[in-house]
Amino acid sequence: FNVKVLPLVGPSSIFLALMASGLNGQNFAFLGYLPVKDKERSKKLRDLEQFSTKTKQTQIFIETPYRNEQMLEALKKTLRADTKLCLAVDTTGPHEYIKTLTVAEWKNHSHPSIHKKPCVFLFQA
């Protein structure tokens with residue numbers, strides 16, 4: 001077929017999450033997926049948090065939807081209490097939920113289920 005494909009300007013859940021998070025939008029990195037194994041993931045999170053502390057860079061990543069809850073627990077367990085963490089769930093969807101709190105606040109904050117939902121995780125130390 002001779003079909004012309006044109007890129008269109010439109011929403012991206014990653015950029016929408018960044019815009020809504022209130023975190024640094026001038027210096028950020030999208031990291032894709034972090035390691036699955038607990039030890040490797042914790043080390044990566046600590047390294048990213050340390051880098052964010054030095055540079056004020058927002059760290060952005062995603063997870064397989066069935067591992068979202070495990071990722072959130074790892075973030076709450078690994079990151080410092082004062083690090084800002086944003087969950088952007090089902091962005092532009094009917095059950096959109098975007099919230100930025102410190103890790104300490106997330107430990108005492110209830111949130112809707114993020115299991116099997118598209119979710120973008122962002123943090124800035």
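Which residue forms a salt bridge with arginine 80? The legends below answer this and describe related close-up views.

This is a predicted model, in which local features need pLDDT of at least 70 and side-chain atom pairs count only at pLDDT 80 or more, whereas totals for chains, interfaces and linings use all residues. Residues are numbered from 1 along each chain as its sequence is written, and side-chain values use heavy atoms, with hydrogens and water left out.

**View A. The salt bridge of arginine 80 with aspartate 82.** Arginine 80 pairs with aspartate 82, and their closest N and O atoms are 3.4 Å apart. A salt bridge is defined here as a side-chain nitrogen of Lys or Arg within 4 Å of a carboxyl oxygen of Asp or Glu. Side chains of opposite charge can pair when their charged atoms come close. Aspartate 82 is exposed, at 52% relative accessibility, while arginine 80 is partly exposed, at 36%. Buried means under 20% relative accessible area, exposed means over 50%, and partly exposed lies in between (1.4 Å probe, protein chains only). The structure holds five salt bridges.

View B. Helices (H or I, at least four residues) are DSSP runs, as are strands (E, at least two), and they are numbered from the N terminus. Lysine 43 is partly exposed, with a relative accessible area of 48%, and aspartate 47 is partly exposed at 36%.

View C. Lysine 76 is buried, at 12% relative accessibility, whereas glutamate 73 is partly exposed, at 43%.

**View D. The crossing of helices α2 and α3.** The axes of α2 (residues 38-55) and α3 (residues 68-78) come within 10 Å and cross at roughly 55°. Axes are lines fitted to C-alpha atoms, for helices over the stretch in contact, and angles run from 0 to 180 degrees between N-to-C directions. The two helices are therefore oblique to each other; angles under 35 degrees count as roughly parallel, over 145 as roughly antiparallel, 65 to 115 as roughly perpendicular and the rest as oblique.
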